[in-house]
Protein chains: 2
Amino acid sequence: MLKEERHQFILNEVGIHNRVLLTDIANLLNVSVDTIRRDIKELHNAKQLKKVHGGAISLGFNNYNPTGKKIYSLEKKSLIAEKALGLIKEGQVILLSGGTTNLELARRLPSRMKLTCFTPSLPIAVQLLGKSNIEVIFIGGRLSQDSQIAIGGSAINMLSDIKADICFLGTNSIHATEGLTEFDWEIVQMKKAMIHSARKVVSPCISEKIGSLQRYRICGVEEIDALITELEPWDTKLDAFKNMNIQLL
Amino acid sequence: MLKEERHQFILNEVGIHNRVLLTDIANLLNVSVDTIRRDIKELHNAKQLKKVHGGAISLGFNNYNPTGKKIYSLEKKSLIAEKALGLIKEGQVILLSGGTTNLELARRLPSRMKLTCFTPSLPIAVQLLGKSNIEVIFIGGRLSQDSQIAIGGSAINMLSDIKADICFLGTNSIHATEGLTEFDWEIVQMKKAMIHSARKVVSPCISEKIGSLQRYRICGVEEIDALITELEPWDTKLDAFKNMNIQLL
DNA sequence: CAAAATACTGCAAAAATACGCATATTCTTC
DNA sequence: GAAGAATATGCGTATTTTTGCAGTATTTTG
């Protein structure tokens, strides 16, 4: 492995987690701690990150994201993505809908776990293609310009041939009694199809979206198996979902 | 093997994998490491890649530059793309295979002409999605990591439902008597299917690729309707194709 | 404060590189 | 064509870079 590659890897990790541990990287890349230490020292001198005792941290966390609001949302999505990772097991077939939360999840999929991923989302496919351990299958069809996912009969048709282990179904709105709703009719059709193409449906959803309502209905809350939010399990926002035979993470 | 060929090969590898190891390339091409070292040094000075200890890495690896892939042979490819544009008419359905030349073509598609584009190529789809006048339909399927296009039965199946007006079929090698050939078997199957999915097949091809030969055959030269190169029509390299009932641009 | 974890230093082996030079190949020029 | 120039390639050797290891110093933590 080239030194340059290690540098890229470290910077990427720092970019995602905002911090890295010396020993973790050394284990991950199968090189000695000293090597990583030297790498981090170089990157520190090049002002690409900040060296600290035991590892390194991102130096531009506040500088990179100008609006404090967005950081917050991104942090939530990171949290959700990390929780979602725990549901995935080696060798599984997973189905990823579009959305930024799922994109965060895709970025974090571990690079040593063999997986098969189906997705109709262009940005997610691009992200996943960068990982050599993941077999990516794109659900083809007409591409929607604003959501960047494939829609239409052809895509739904392709979905009908799939039975994935888990579907991560990003959603715009979730409501305890009204269920999951969407703004776009075509996307609703896609998501309905995706639900039928997986044994287990998990919905990653930041708390802002809880309780909101859109024009069209995808399904009831009882049709999904788990809801992942950034909240702690005892948060009152989740009360409405608590006796609904649905896993809350 | 010519030096230019090696340079192309190296740049291609870097383009695909973002990195190359000196020793790998030397083994692959059966030349000494010194030769490759010198090649990489030249390419480094020409700012086509970045030389590092042990190999080389892509220039745009860490800068977030999704569009500016690589500038290799760009002028030639631009010329070809411009010529290809002349074949496209308002309202047509076009089918674009993968490859950097087609990517250039996609980038140049006029933003006022209504078009429907089918493609199995991830980067091309991303490019086209930016243009609001174009309806993009992605040919889904298993994504090949190297070529970033969808391959396999599912993709070929989807192609069988299409009859486009023109197919722009990028090719790795074209030979007057041996026809179009490819390195990868799966991609050959895709391209065969694409030929059958269009009324007219046009092959954009930079002159370096003329006369070269790969492992597997896609089709004979007589099966394509036009060949677009960056050369002038009277160039002697094209002599072999001149009495073959094929349009030369 | 003491134990554990982490950092630094010097060193040696291995790998990669630079350089000079001999040989082979290609390109000119006549 | 053929001689000569220019370029490209491969090999041996000296030099530099990288990397892991061991010993010692420093920081963290309970």
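This is a predicted model: local features need pLDDT of at least 70, side-chain atom pairs count only at pLDDT 80 or more; totals for chains, interfaces and linings use all residues.
Local features need pLDDT of at least 70 and side-chain atom pairs pLDDT 80 or more, while totals for chains, interfaces and linings use all residues; side-chain values use heavy atoms, without hydrogens and water. Residues are numbered from 1 along each chain as its sequence is written, with chains lettered from A and ligands numbered from 1 in the order in which they are written.

**Aromatic pairs**

Rings of Phe, Tyr and Trp (its six-membered ring) pair if their centres lie within 6.5 Å; planes under 30 degrees apart count as stacked, over 60 as edge-to-face and the rest as tilted. The count is three aromatic pairs over all chains.

Select A:F138 and B:F138. Their ring centres are 4.3 Å apart and the planes are at 50°, so the pair is tilted. A:F138 lies in strand β6 (residues 134–138) of chain A and B:F138 in strand β6 (residues 134–138) of chain B, so this pair joins two chains. Helices (H or I, at least four residues) and strands (E, at least two) are DSSP runs, numbered from the N terminus. Both A:F138 and B:F138 are buried (under 20% relative accessible area; exposed is over 50% and partly exposed in between, with a 1.4 Å probe and protein chains only).

Next, select B:W185 and B:Y216. This pair is edge-to-face, with 5.3 Å centre to centre and 75° between the planes. B:W185 is in helix α8 (residues 185–196) and B:Y216 in strand β13 (residues 216–219), 31 residues apart in chain B. B:Y216 is partly exposed, at 28% relative accessibility.

**Charges over rings**

A charge sits over a ring if NZ of Lys or CZ of Arg is within 6 Å of the ring centre and within 35 degrees of the ring normal. Select A:R215 and A:F183: the charged end of A:R215 sits over the ring, 4.5 Å from its centre. In chain B, B:R215 lies over the face of B:F183, 4.5 Å from the ring centre.

**DNA strand C**

Show the 15 residues around DNA strand C; A:R37, A:G54, B:L22, B:R37 and B:G54 come nearest. A residue is near a strand if one of its heavy atoms lies within 4 Å of it.

Finally, zoom in on A:R37: an N or O atom in its side chain is 2.4 Å from a phosphate oxygen of DNA strand C. At B:G54, a polar backbone atom is 2.7 Å from a phosphate oxygen of DNA strand C.

Methods: A polar contact is a pair of N or O atoms within 3.5 Å; within protein, one must be able to donate a hydrogen and the other to accept it, and residues adjacent in sequence count only if both atoms are side-chain atoms.
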